[in-house]
Amino acid sequence: MAGRRDSNPFDEEEVNPFADAGPGRGQSNYGGGAFYMPNTGTVPSANSRLSPLPHEPADYDRGATVDIPLDSAQDFKKKEKELQAKEAELKKREQELKRREDAIARAGIVIEEKNWPPIFPIIHHDIANEIPIHLQKLQYVAFTSLLGLVGCLLWNVAAVTVAWIKGEGPTIWFLAIIYLISGVPGAYVLWYKPLYRAMRTDSALNFGWFFLSYVFHIGFCVFATVAPPIIFRGKSLTGILPAIDLLSGNVLVGIFYFVGFAFFCIESLISIWVIQQVYNYFRGSGKAAEMRKEAARSTMMAAL
């Protein structure tokens, strides 16, 4: 309608920002900046201004120097020389250690590390790695013989202790303790260790000492199996004779002694088998066997 005026909340006079044509078209009255209108295809004018980006820190300006702490070339060379010196020292020590090990090996000295029993190592024992494969079974049986002797003497102490409690007196108990504390280390040193070394190195001298000592071991086991009342006090060993004597007076003590008699009997049989097998291996055949027998014979004659 003529004379009707459209209301404008911002301005009494309606302003068309796109009324002008030509180069100024598309300019806004708000700050004079040009902006692009998608529907009109207007390109921003050259005098359009955008808000500048915040200025970057001075450390990142082009051409700025960044100070990073680095060792100088002289420090690098110094460290390199130190590392080379340490490496040379380690090589020198390694060569010296190898030279000593070779000298020990040539001299026949074997460094034995204690590894048995695993809980509290007191001896060196490694049949699987040190004894030839064809002799390992025999060595294991010999080791069983050593453990069997330990078991026999321990049971002997237990049985004699029961007999002492039942009125047999303390003398036989002290004798049983002496058998234990002297027999176990004595067996290891006198015959088991020489046999172990003989099997490992094929030494005739060690074989000779083994045979000489093992004969006494077998003699003791046979004597303990019977336990006659001579040399040793009869009831200090759990043989067949004291077992029969004690069975009539006290059944419990007699049973302990009979079990001890069975242990000594088994130990005697195992020991006899071991010495037979070792002798058969040592006898062998050929010149080397003759040399071993001659050396063992000389050793036994010298010992006698």
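**Exercise 1. Which residues touch the most other members of the largest nonpolar core?**

Before starting, note that this is a predicted model, where local features need pLDDT of at least 70, side-chain atom pairs count only at pLDDT 80 or more, and totals for chains, interfaces and linings use all residues. Residues are numbered from 1 along each chain as its sequence is written, and side-chain values use heavy atoms, leaving out hydrogens and water.

*Solution.* 
- Step 1: A nonpolar core is a set of buried Ala, Val, Leu, Ile, Met, Phe, Trp, Tyr and Cys residues joined through side-chain atoms within 4.5 Å. Buried means under 20% relative accessible area, exposed over 50%, and partly exposed in between (1.4 Å probe, protein chains only).
- Step 2: The largest such core has 48 residues, and Tyr-192, Met-199, Phe-207, Phe-210, Tyr-257 and Val-278 touch the most other members.
- Step 3: At least two residues of this core come from each of α3 (136–168), α4 (171–201), α5 (204–226), α6 (240–249) and α7 (251–283). Helices here are DSSP runs (H or I, at least four residues), numbered from the N terminus.

**Exercise 2. Find the aromatic partners of Tyr-192.**

*Solution.* 
- Step 1: Rings of Phe, Tyr and Trp (its six-membered ring) pair if their centres lie within 6.5 Å; planes under 30 degrees apart count as stacked, over 60 as edge-to-face and the rest as tilted. The whole structure holds 19 aromatic pairs.
- Step 2: Phe-143 and Tyr-192 make a tilted pair, 5.5 Å centre to centre with 45° between the planes. Phe-143 lies in helix α3 and Tyr-192 in helix α4, so this pair ties together parts that are 49 residues apart in sequence.
- Step 3: Tyr-192 also forms a tilted pair with Tyr-196, at 6.3 Å centre to centre and 40° between the planes. Both of these tyrosines lie in helix α4, 4 residues apart, about one turn of the helix.
- Step 4: Check burial: Phe-143 is buried at 9% relative accessible area, Tyr-192 at 1% and Tyr-196 at 4%.
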